[in-house]
Amino acid sequence: YSIENFQRRMERGLLTTYKAVEDAAREMFEEFLANKYNIAVRIEKIKLEEIGEINVFGIVDNICFIGEIETTAQEDTLHEINRKSELIFKKYPDMIKDKKVIKVLITGRINYELLNKAKEMNIYVMLWDRELIPLPLTT
């Protein structure tokens with residue numbers, strides 16, 4: 001085995017693992033919304049032209065969820081969530097017309113400073129097992 005082969009195999013393995021983590025996080029978020037808030041929504045990963053990949057996306061009734069999944073939350077991720085939600089308003093207004101957009105960060109770890117920044121940016125934060133910022137369902 002060459003070092004290059006080993007590196008390629010490791011990269012493929014890590015990508016497969018991360019995809020499984022993302023899939024599990026979306027499923028967990030769906031179950032949490034159903035159980036706690038009685039919201040039945042399919043949360044998916046989508047890719048939109050001019051915006052890119054959105055790891056958390058779902059529309060149900062008058063609510064649209066837009067967000068990201070990170071094992072460890074980073075400030076850049078908060079800005080990325082804002083950027084993508086603003087672009088959806090500009091580029092795909094019909095997709096979210098008459099919808100309350102809830103920005104979402106699902107993460108395994110977040111520090112206190114970043115959690116406060118997320119609150120200021122109106123981003124709902126959920127750890128793998130519980131919400132840290134209540135879901136903003138009232139307008």
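What covers the buried residues of α3? In this predicted model, the cover over the buried residues of α3 includes α2 and β5, and the sections below place that helix within the chain as a whole.

## Overall composition

The secondary structure of the chain comes to three helices and five strands, and from the N terminus on these elements follow the order α-β-β-β-α-β-α-β. Along its principal axes, the C-alpha trace of the chain spans about 60 × 35 × 30 Å.

Of the 139 residues in the chain, 41% count as buried. Among the contacts between residues at least 6 apart in sequence, 53% join residues that are at least 24 apart.

## The sheet

The strands form an open sheet of five, in the order β1-β2-β3-β4-β5 and with mixed pairing. Because β1 and β5 (123-127) stand at the edges and have a single partner strand each, one side of each is left without a neighbour in the sheet. Neighbouring strands of this sheet are turned against each other by 40° on average, when direction is ignored.

Within α3, the residues L114, L115 and A118 are buried. These residues cover an arc of only 105° around the axis, which means that they lie on the same side of α3. The face turned away from this buried side carries Y112, E113 and E120, which are exposed.

At the start of α3, a side-chain oxygen of N111 reaches to within 3.2 Å of the backbone nitrogen of E113. After the helix comes N122, whose phi is positive, near 55°.

## Salt bridges

How many salt bridges does the chain contain? The count comes to 10, and several of them can be described in terms of the elements they join. One is formed by K117 and E75, whose side chains meet at 3.5 Å, N to O. This pair links distant parts of the chain, since K117 belongs to helix α3 (residues 112-120) and E75 to helix α2, 42 residues apart. Both partners are partly exposed, K117 with a relative accessible area of 26% and E75 with 35%. Elsewhere, salt bridges that share partners join E68, E80, R83 and K84 into one network.

A further salt bridge brings together the side chains of E50 and K91, at 2.9 Å from N to O. Because E50 lies in the loop between β1 (44-48) and β2 (52-60) while K91 lies in helix α2 (residues 75-91), the pair ties together parts that are 41 residues apart in sequence. The two partners fall into separate accessibility classes: E50, at 53% relative accessibility, counts as exposed, whereas K91, with a relative accessible area of 41%, is partly exposed. E53 also forms a salt bridge, with K45 as its partner and with the closest N and O atoms 3.8 Å apart, which lies inside the 4 Å limit used for such pairs. Here E53 is partly exposed at 35% relative accessibility, and K45 is likewise partly exposed, with a relative accessible area of 34%.

## Positive phi in two loops

Most residues other than glycine have a negative phi. D61 has a positive phi of about 50° although it is not a glycine, and its place is in the loop between β2 and β3 (63-72). At 67% relative accessibility, D61 counts as exposed, because the threshold for that class is over 50%.

Where does D98 lie? D98 is in the loop between α2 and β4 (100-109), and its phi is near 60°, a positive value in a residue other than glycine. With a relative accessible area of 69%, D98 is exposed.

Conventions:
Residues numbered from 1 in each chain as written. Predicted model: local features only at pLDDT ≥ 70, side-chain atom pairs only at ≥ 80, totals over all residues. Heavy atoms only, no water. Buried < 20%, exposed > 50% of the residue type's maximum accessible area, 1.4 Å probe, protein only. Helix = DSSP H or I, 4+ residues; strand = E, 2+ residues; numbered from the N terminus. Pairing = 2+ DSSP bridges. Axes fitted to C-alpha atoms, helices over the stretch in contact; angles between N-to-C directions. Arc of directions from axis to C-beta. Contact = heavy atoms within 4.5 Å. Polar contact = N/O pair within 3.5 Å; in protein donor to acceptor, adjacent residues only side chain to side chain.
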